[in-house]
Amino acid sequence: MTEIKSLTFDELSDEISKLNLPKFRTEQIYRWLHKEGVNSLDEMTNLSKDLRAKLCENYFIATCEIEDKYVSKIDGTVKYLFRLYDGEYVESVVMKYKYGYTICISSQVGCKMGCKFCASTLAGFKRNLLSAEMESQIHSAQNDLGVRISHIVMMGIGEPLDNYDNVVKFMRTVNDEKGINISLRDITVSTCGVVPGIFRLMDENIPVTLTLSLHAPFDDMRSKMMPVNDKWGVDEIISACKEYAQKTSRRVSFEYTLINGVNDSEACAKALAEKLKGFGAHVNLIPVNDVEERGNVRSSDSVINNFKDTLKSLGINATIRRTLGKDINASCGQLRRKKKSGD
């Protein structure tokens, strides 16, 4: 049986032709899938019952059903645990800003990258998400909250550039004016540094924002925190980001999680500034999340502010990320791990 929501408009048109249906059915069905975000083919009410039955015999929709939902009493941030069609789980977070609603979505069930400060890898990697499953996270959240989501951050469970083809297909689909119609400039792709993926993305001619999870300016330090660094080191990754910024004319952001006594020294700040100078980079400083199994300790406010001030004094734009959903553990990976372990 074919998953229908992951088909492009042209692919769907080919399927409609195989069923000997008129061409106008393609636009009808595509709208139901991508504009309305239906969870079932039976919800396509302007199609006859016979046609819906025929579709059900050949296709299914990869939906994301809400398993658990948590709403922050502090700032209204909403965290979802979604159950997928095969019984696996992923997480998404919806955040409200002055400009509207942003969703942080997952791109994989689990993660292979093994970063030492992250909960996403603890329950193991299972599979890539289909483009439909990424889009369904948005539809499920919008339908549940009754809002329009205008910005997407691919920073949930998984490494987006390790699921490259599905991720690019997803971004093109949500940008389609016949669907959700979210601007590519309002999509951010976060990577731990999969260099071949950065170069491929650079050649796609889609103006998304690239964010690199860097977290250390030295190879020995970063390799202890992020095994991916053994394959693509700090200088190689930053060089790729500079090329991305130059070719796409899009600013690259760098995420830097501050861990007490590990990567928060003035020497680290100075080395980071030296490596990032000269191409308009922005550093987003993140106090480390409390993940019980990781044992990392958050840097003090004074150390975090000193790190930021050092970067700024050396010409690097830096901000401290505002913590949203603190009372609901809004960072991704923890709900899936608990659900899979039966906690």
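Predicted model: local features only at pLDDT ≥ 70, side-chain atom pairs only at ≥ 80, totals over all residues.
Two helix pairs were examined. Two packed helices are described by the angle between their axes and the distance between the axes. Helix H2 spans residues 24–36, and helix H4 spans residues 131–145. Their axes come within 9 Å of each other and cross at roughly 70 degrees. Angles of 65 to 115 degrees count as roughly perpendicular, so H2 and H4 are roughly perpendicular to each other. On the H2 side, the contact involves Leu33, His34, Lys35 and Glu36. These residues meet Glu135, His139 and Asn143 in H4. By class, the contact of H2 with H4 has one nonpolar, three polar and three charged residues.

The second pair is H6 and H8. Here the axes lie 10 Å apart, at an angle of about 5 degrees. Angles under 35 degrees count as roughly parallel, and H6 and H8 are therefore roughly parallel to each other. H6 contributes Val195, Ile198, Phe199, Leu201 and Met202 to the contact. From H8 come Glu236, Ile237, Ala240, Cys241, Glu243, Tyr244, Lys247 and Thr248. Nine residues in the contact of H6 with H8 are nonpolar, one is polar and three are charged.

The interior was considered next. In soluble globular proteins, nonpolar side chains tend to be buried together. The largest nonpolar core of this model has 77 residues. Within this core, Ile152, Met171, Phe254, Val283 and Leu311 touch the most other members. Helix H8 gives the most to the core, with seven residues. A second, separate core has 18 residues, among them Ile4, Leu19, Val38 and Leu55. The surroundings of Ile152 were also listed, leaving aside its neighbours within four places in sequence. Ile152 is in contact with Ile103, Ile105, Ile138, Phe170, Val174, Ile182, Asp186, Ile187 and Thr188.

Helix H9 covers residues 266–276. Its buried residues are Cys268, Ala269, Ala271, Leu272, Ala273 and Leu276. What covers them includes three helices, H7 (219–225), H8 and H10 (301–313). Strands E12 and E13 (282–287) are also included in that cover. After H9 comes Gly278, with a positive phi near 95 degrees.

Lys79 is in strand E4, which spans residues 78–83. Its relative accessibility is 0%, so Lys79 counts as buried. The side chains of Lys79 and Glu91 are joined by a polar contact of 3.1 Å. His282 is placed in strand E13. This histidine is buried as well, because its relative accessible area is 10% and the cut-off for buried is under 20%. The His282 side chain makes a polar contact of 3.0 Å with the side chain of Thr319. Apart from neighbours within four places in sequence, His282 is in contact with Arg251, Val252, Ser253, Phe254, Asn317, Ala318 and Thr319.

Several loop residues were also inspected. Gly325 is placed in the loop between strand E14 (317–320) and helix H11 (334–341). With a relative accessible area of 0%, Gly325 is buried. Gly325 and Asp75 are 250 residues apart along the chain, but 6.6 Å separates their C-alpha atoms. Glu43 lies in the loop between H2 and helix H3 (49–58). At 36% relative accessibility, Glu43 counts as partly exposed. Glu43 and Leu33 are ten residues apart in sequence, and their C-alpha atoms are 10.0 Å apart in space. Leaving aside neighbours within four places in sequence, Glu43 is in contact with Trp32 and Val38.

Two further loop residues have a positive phi. Asn205 lies between helix H6 (195–202) and strand E11 (209–213). Its phi is about 60 degrees, although Asn205 is not a glycine. Asn205 counts as exposed, at 71% relative accessibility. Ser249 lies in the loop between helix H8 (234–248) and strand E12 (252–258). Ser249 is a residue other than glycine, and its positive phi is near 60 degrees. At 65% relative accessibility, Ser249 counts as exposed.

Definitions and conventions:
Residues numbered from 1 in each chain as written. Heavy atoms only, no water. Axes fitted to C-alpha atoms, helices over the stretch in contact; angles between N-to-C directions. Helix = DSSP H or I, 4+ residues; strand = E, 2+ residues; numbered from the N terminus. Parallel < 35°, antiparallel > 145°, perpendicular 65-115°, else oblique. Contact = heavy atoms within 4.5 Å. Nonpolar A, V, L, I, M, F, W, Y, C, P; charged D, E, K, R; others polar. Buried < 20%, exposed > 50% of the residue type's maximum accessible area, 1.4 Å probe, protein only. Polar contact = N/O pair within 3.5 Å; in protein donor to acceptor, adjacent residues only side chain to side chain. Core = buried A, V, L, I, M, F, W, Y, C linked by side-chain atoms within 4.5 Å.
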